[in-house]
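I opened the model to look up a few local features. My notes follow in the order in which I made them.

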Amino acid sequence: MSTRTPILSDHPSPAPAGLGQTKSRLSQKLSYLFSEIWKYRLSYLFILPFLVLFVIFILIPVVAGFLLSFTYFNAIEFPTWRGWMNYQNLFSQDIVFLQHVLPNSFKFALFVGPIGYIFAFILAWLIAQLPSTLRTWYALAMYAPSLSAGVAMTVVWTVMFTGDRSGYINSFLLKWGLIDKPLYFLIDKDYLLNIMIVISIWSSMGIGFLAILAGILNVDKQLYEAGRIDGISSRLQEVWYITIPMMKPQMLFAAIMSIVHTLKSGGLGSTLTGSNPTPNYAGQLMIDHIGDFGFIRFELGYASAISIVLLIMCFLLSKLFWKLFGPKEDE
Amino acid sequence: MQEIPLMTTKRTWAGRWQDFIFAVRQVDRTQIGIAIGLTPLAIFMLLPLFYIFNHAFKPLHELFLFPPTFVVREPTIQNFSELLALTESTVVPVARYIFNSIVVTFLATLGMVIFGAMCAYPLAKHKFPGSKLVFGLVLTSLLFATEAIAIPRFVVVQSLGIMNTYLGHVLPMIAMPVGVFLLKQFMDQVPNELIEAAKIDGAPEFFIFLRIVIPIVSPAMATITILAFQSAWGNAETSTLFMQDDAMKTLPFYMGTLTSNLANSVARQGAAAAGALIMFIPSLLVFLVSQRKVITTMAHSGIK
């Protein structure tokens, strides 16, 4: 909550406390706060409908989830308190988590996040250069994988990477003599994670891409003309000096969404291979691990602890992006 | 400024063709380069779309060809009749699922867009006490995996007594923080001078919101509509968790039951393919309409 006095306020600034009466100072501060709240009563009315639903369906469950992470809970009996045990086990005993899930998640996020993000920006910028009739169709093409998300995507890709000679990629490689025998793409642990990365980048032109596209189109055209007068000569300079600074809010949005997308994506490995856990835990990500413990073994307390760790990781990463793209003090 | 009437009046195919020719003539050299360069990628990205359309019309023997074919050879509508026939004998016909889906999706999308915009406006433009806290909460909740809060959510819905009602579908979906975040980011860009000028002219807050802010951020509104529609239309979670009556469940849930044993059952492959197309077409339409709106409103929004 901000304690800064607004510059344009009709309210008198808090008077210096006479005779060190802290009590009257506190009440003065409180009455100032109340008058501020009363002044903005309409704003509260605006946010009320969403906020009520938000508190009921997100905030309360999240807090409950946080509390559950300190318990043993199997969905039938009443949860029993375990303190930090779940977290201790996670970081000292859970070999699958330490050896497979964590490295997998980091590798996955490191590739999919930045590459998908840069890719989305470049594509959105290129599409924004096209005349409007063509623009819709190209935007549709890029967004198509996200539109059809669950439905066709895994079907198409499993067919591509099928592990015998009838799979498209195998038969292609065999035909050109690049390999002697078919590769078991979806079972071999050397391939699975890489394939998941490729598929995720392919399908990551989603909400972030749309936001960036709308953001680029939102930039005032007059700025480019002004820029040209000021000596901007190439399109690249235009992007760097005008487009990106003007659409920082959308860039931030897309960055946060790409973190959320990468760290929260799961289930890809198990849909591709048809089993959770994936063979040798090769494609096991955080969410798969949560699903494994939460809905297969019904250790919900432990699953909650994993998701709290995931939340903290997401939070730290988004802080980093906030530093890069977030509003500065003077804005 | 004179609006272009072409955008609103009904156009004939000849008129569209003329528009197309006009658009092609407008293209300069860089644009041609970009368009040509992007085309292979666009075709590659469109593959799943193409696949869904072809798959739904394949006769049974083509569905199981190996290696599978992308293009249908003998198109048939047998899959669709199979989908209808499947539910004829059961208590709940597929039409009921479709009806539920339409009601739920309509209400949820409307709620997400309207409440989201209403919440985003003060967050972006009024520095009221607590606004940072609210925005921080919205942002943080974005990062929380929904899988992890499924159980507490179930308890909440149960204790509210909205199990097996449309409210049980709609309300949890409306609380979607993504929409608030995106709209707030766009509303940040609306010039403060514009709002202050309107205030000086005596416009009430609601008028400013409805007539000034919303039209300026209409690209964001269109984007959020696409997103909200898609997440509501494809949502099977509320059906699985909060609805015990079969008659209250939605189409994605039914599709899930069709495809869940697909790996080891041959029987309903055709129906599943047809269902996938039925699921997909509304998303496609909403995307096309909204995306077109992004482009036309961009050209004529109030501040340009």
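I checked Leu30(A), which sits in helix H1 (residues 22-39) of chain A. Helices are DSSP runs of H or I with at least four residues, numbered from the N terminus. Leu30(A) has 41% relative accessible area, so I logged it as partly exposed (buried is under 20%, exposed over 50%, partly exposed in between).

The model is predicted: local features need pLDDT of at least 70, side-chain atom pairs pLDDT 80 or more, while totals for chains, interfaces and linings use all residues. Residues are numbered from 1 along each chain, chains are lettered from A, and side-chain values use heavy atoms, without hydrogens and water.

Next I took Asn235(B), in the loop between H13 and helix H14 (237-242) of chain B. Is Asn235(B) buried or exposed? I noted it as buried because its relative accessibility is 14%. Its side chain has a polar atom 2.7 Å from the backbone nitrogen of Glu237(B), and reaches the backbone nitrogen of Thr238(B) at 3.2 Å. Beyond four places in sequence, I found Asn235(B) in contact (heavy atoms within 4.5 Å) with Met173(B), Thr250(B) and Pro252(B).

How values were computed
Helix = DSSP H or I, 4+ residues; strand = E, 2+ residues; numbered from the N terminus. Buried < 20%, exposed > 50% of the residue type's maximum accessible area, 1.4 Å probe, protein only. Polar contact = N/O pair within 3.5 Å; in protein donor to acceptor, adjacent residues only side chain to side chain.
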